[in-house]
Amino acid sequence: MDIDDEIALLAGVHVSEPANASAADVGEWIGLSSQRVHALARKGVLARDDQNRFILRDAVIAYCDHIRQGQIGRTSTNPELNAAKVRAANAQAEKLEVANAKARGDLLDAADVQTTWTATMIDLRAAIIAIPQRLSSTLGLDRRATRELDDEIRKSLEVLADG
């Protein structure tokens with residue numbers, strides 16, 4: 001028994017010639033509606049015989065070839081395109097996460113943080129530099145001791161500023 005006989009037997013047609021099938025029969029075999037089978041025939045994907053019927057084996061093979069051709073260029077067969085799409089999707093997701101974090105207040109703008117910290121550090125430096133003058137009157141320090149305390153504080157601040 002050859003393939004045509006097996007197809008005919010499975011299709012419920014018992015002939016020794018290749019199995020002629022209707023669009024509904026072909027559709028049942030390949031999982032399409034008869035309308036889609038007719039549309040594929042109009043496009044030239046599936047061939048009909050002179051009685052406007054399909055040779056089942058040829059129709060199944062032609063449809064499989066058509067599907068294979070349709071897969072060419074899709075992401076599953078083009079790893080570079082697939083990788084580019086994954087990178088784009090990841091970048092889009094990260095952008096959305098950042099926007100959501102900003103909206104929730106979980107993420108601050110770097111320029112705003114820098115401005116705030118700069119102002120805070122300037123105020124801190126001014127307060128630390130004022131310590132010797134405040135202590136000189138409170139503790140009764142002479143000018144020499146006040147100047148030495150001031151010099152040490154300034155040296156320490158310079159070391160911190162230099163990193």
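User: How many helices and strands does the protein have?
Analyst: The protein has 8 helices and 2 strands. Helices (H or I, at least four residues) and strands (E, at least two) are DSSP runs, numbered from the N terminus. This is a predicted model, where local features need pLDDT of at least 70, side-chain atom pairs count only at pLDDT 80 or more, and totals for chains, interfaces and linings use all residues. Residues are numbered from 1 along each chain as its sequence is written, and side-chain values use heavy atoms, with hydrogens and water left out.

User: In what order do the elements run from the N terminus on?
Analyst: The order is α-β-α-α-β-α-α-α-α-α.

User: What share of the residues count as buried?
Analyst: Of the 163 residues, 17% count as buried. Buried means under 20% relative accessible area, exposed means over 50%, and partly exposed is in between (1.4 Å probe, protein chains only).

User: Which residues have the most contacts inside the largest nonpolar core?
Analyst: Val26, Val37, Leu46 and Phe54 do, in a core of 14 residues. Two or more core residues come from each of α2 (23-30), α3 (34-42) and α4 (56-71). A nonpolar core is a set of buried Ala, Val, Leu, Ile, Met, Phe, Trp, Tyr and Cys residues joined through side-chain atoms within 4.5 Å.

User: What is Val37 in contact with?
Analyst: Leaving aside neighbours within four places in sequence, Val37 is in contact with Ala23, Val26, Gly27, Leu32, Leu46 and Phe54. Contact means heavy atoms within 4.5 Å.

User: New topic. Where is Asn52 found?
Analyst: Asn52 lies in the loop between α3 and β2 (54-55). Its phi is near 65 degrees, a positive value in a residue other than glycine. Asn52 counts as partly exposed because its relative accessibility is 46%.

User: At what angle do α6 and α7 pack?
Analyst: Helix α6 (residues 110-129) and helix α7 (residues 131-139) pack at about 30 degrees, with their axes 4 Å apart. Axes are lines fitted to C-alpha atoms, for helices over the stretch in contact, and angles run from 0 to 180 degrees between N-to-C directions. The two helices are therefore roughly parallel to each other. Angles under 35 degrees count as roughly parallel, over 145 as roughly antiparallel, 65 to 115 as roughly perpendicular and the rest as oblique.

User: Which residues make that contact between α6 and α7?
Analyst: Ala127, Ile128 and Ile129 of α6 meet Ile131, Pro132 and Arg134 of α7.

User: And α6 with α8, parallel or antiparallel?
Analyst: Roughly antiparallel. Helix α8 covers residues 143-162, and its angle to α6 is about 155 degrees, with the axes 10 Å apart. The contact is made by Arg125, Ile128 and Ile129 of α6 and Asp150, Ile153, Arg154 and Leu157 of α8.

User: Is Thr146 buried or exposed?
Analyst: Thr146 counts as buried, because its relative accessibility is 7%. Its place is in helix α8.

User: What does Thr146 touch?
Analyst: Not counting residues up to four places away in sequence, Thr146 touches Pro132, Gln133, Ser136 and Leu141. The C-alpha atoms of Thr146 and Ile131 are separated by 9.4 Å, and the two residues are 15 residues apart along the chain.
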